[in-house]
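The entries follow in the order in which I looked.

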Amino acid sequence: VSTQSTGTIKKLDLAANDMSNEDVAASIGDMLCRSTTLTELNLSACSFSVEGFKHIASSVKVTHSLKNLGLSQNRLAKLSFLTFAENLVSNFTLENLSLRSNDFTTSHLEDFVRCLSSDDACPNLDSVDVTANDPLKILNATHKPQDVVQLINKLSKLHFSVEY
């Protein structure tokens with residue numbers, strides 16, 4: 001993947017490409033950092049390695065134009081999701097984020113909410129899709145149903161909505 005020039009690419013769909021090679025993910029991260037025109041990126045089902053996803057996670061902090069990011073079906077629960085959420089706080093362009101089918105539990109979502117709970121965190125984020133995560137993991141025995149309701153209420157106080 002060459003990141004010398006991203007030209008005027010506005011939408012890029014790399015879904016279902018193998019990104020287990022850290023260098024490939026690093027190139028995508030570098031492109032995200034440099035691009036001033038890319039508004040939509042689909043990285044769904046890309047089989048990231050832990051180290052590879054760290055490059056994507058860190059680039060989200062400094063992207064200049066990205067509005068829509070698809071990260072569904074990447075098993076992010078097993079990767080550096082907290083690092084991603086912490087970096088997302090400083091993003092001022094992202095509007096829509098898909099986290100569908102990532103094996104999240106309630107604690108993952110709680111970490112996400114904690115990272116984004118300040119008023120100036122990712123101010124343009126309007127929609128976060130966390131559907132198709134295993135409801136049995138989200139409603140596991142260590143979390144009472146009212147805890148999940150409280151979590152959803154916290155999410156609704158932020159600048160985005162959650163679909164279940």
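**Loop residues**

I began with Asp 103, which I found to be partly exposed because its relative accessible area is 24%; here buried means under 20% relative accessible area, exposed means over 50%, and partly exposed lies in between, with a 1.4 Å probe and protein chains only. I noted that the model is predicted, so that local features need pLDDT of at least 70 and side-chain atom pairs count only at pLDDT 80 or more, while totals for chains, interfaces and linings use all residues. I also noted that residues are numbered from 1 along each chain as its sequence is written, and that side-chain values use heavy atoms, with hydrogens and water left out.

Asp 103 lies in the loop between strand 4 and helix 4, where helices (H or I, at least four residues) and strands (E, at least two) are DSSP runs numbered from the N terminus. Its phi is positive, about 60°, although Asp 103 is not a glycine. I wrote beside this that most residues other than glycine have a negative phi. Ser 101 is in the loop between strand 4 (96-98) and helix 4 as well, and its phi is also positive, near 50°. With a relative accessible area of 23%, Ser 101 is partly exposed.

**Two buried serines**

Is Ser 35 buried or exposed? I found a relative accessibility of 2%, so Ser 35 counts as buried, and I placed it in the loop between helix 1 and strand 2 (40-42). Ser 35 and Leu 66 are 31 residues apart in sequence, and their C-alpha atoms are 8.6 Å apart in space.

Ser 59 belongs to helix 2 and counts as buried because its relative accessibility is 0%. Leaving aside neighbours within four places in sequence, I listed Gly 29, Leu 32 and Cys 33 as its contacts, a contact being heavy atoms within 4.5 Å.

**The nonpolar core**

I then looked up the largest nonpolar core, which has 38 residues; such a core is a set of buried Ala, Val, Leu, Ile, Met, Phe, Trp, Tyr and Cys residues joined through side-chain atoms within 4.5 Å. Helix 1 (22-34), helix 2 (50-59), helix 3 (81-88) and helix 4 (106-115) each supply at least two residues of this core. Leu 88 is among the residues with the most contacts inside it, and, not counting residues up to four places away in sequence, Leu 88 touches Val 60, Leu 94, Leu 97, Phe 112, Leu 116, Cys 122 and Leu 125.

**Helix packing**

Which angle do helix 2 and helix 3 make? I read about 15°, with the axes 8 Å apart; axes are lines fitted to C-alpha atoms, for helices over the stretch in contact, and angles run from 0 to 180 degrees between N-to-C directions. Helix 2 is therefore roughly parallel to helix 3, a term for angles under 35 degrees. Phe 53, Ala 57 and Ser 58 of helix 2 make the contact with Thr 83, Phe 84 and Asn 87 of helix 3.

Helix 3 and helix 4 pack at an angle of about 20°, with their axes 8 Å apart, and so helix 3 is roughly parallel to helix 4. In this contact Phe 81, Leu 82, Ala 85, Glu 86 and Leu 88 of helix 3 meet His 108, Asp 111, Phe 112, Arg 114 and Cys 115 of helix 4.

Methods. Parallel < 35°, antiparallel > 145°, perpendicular 65-115°, else oblique.
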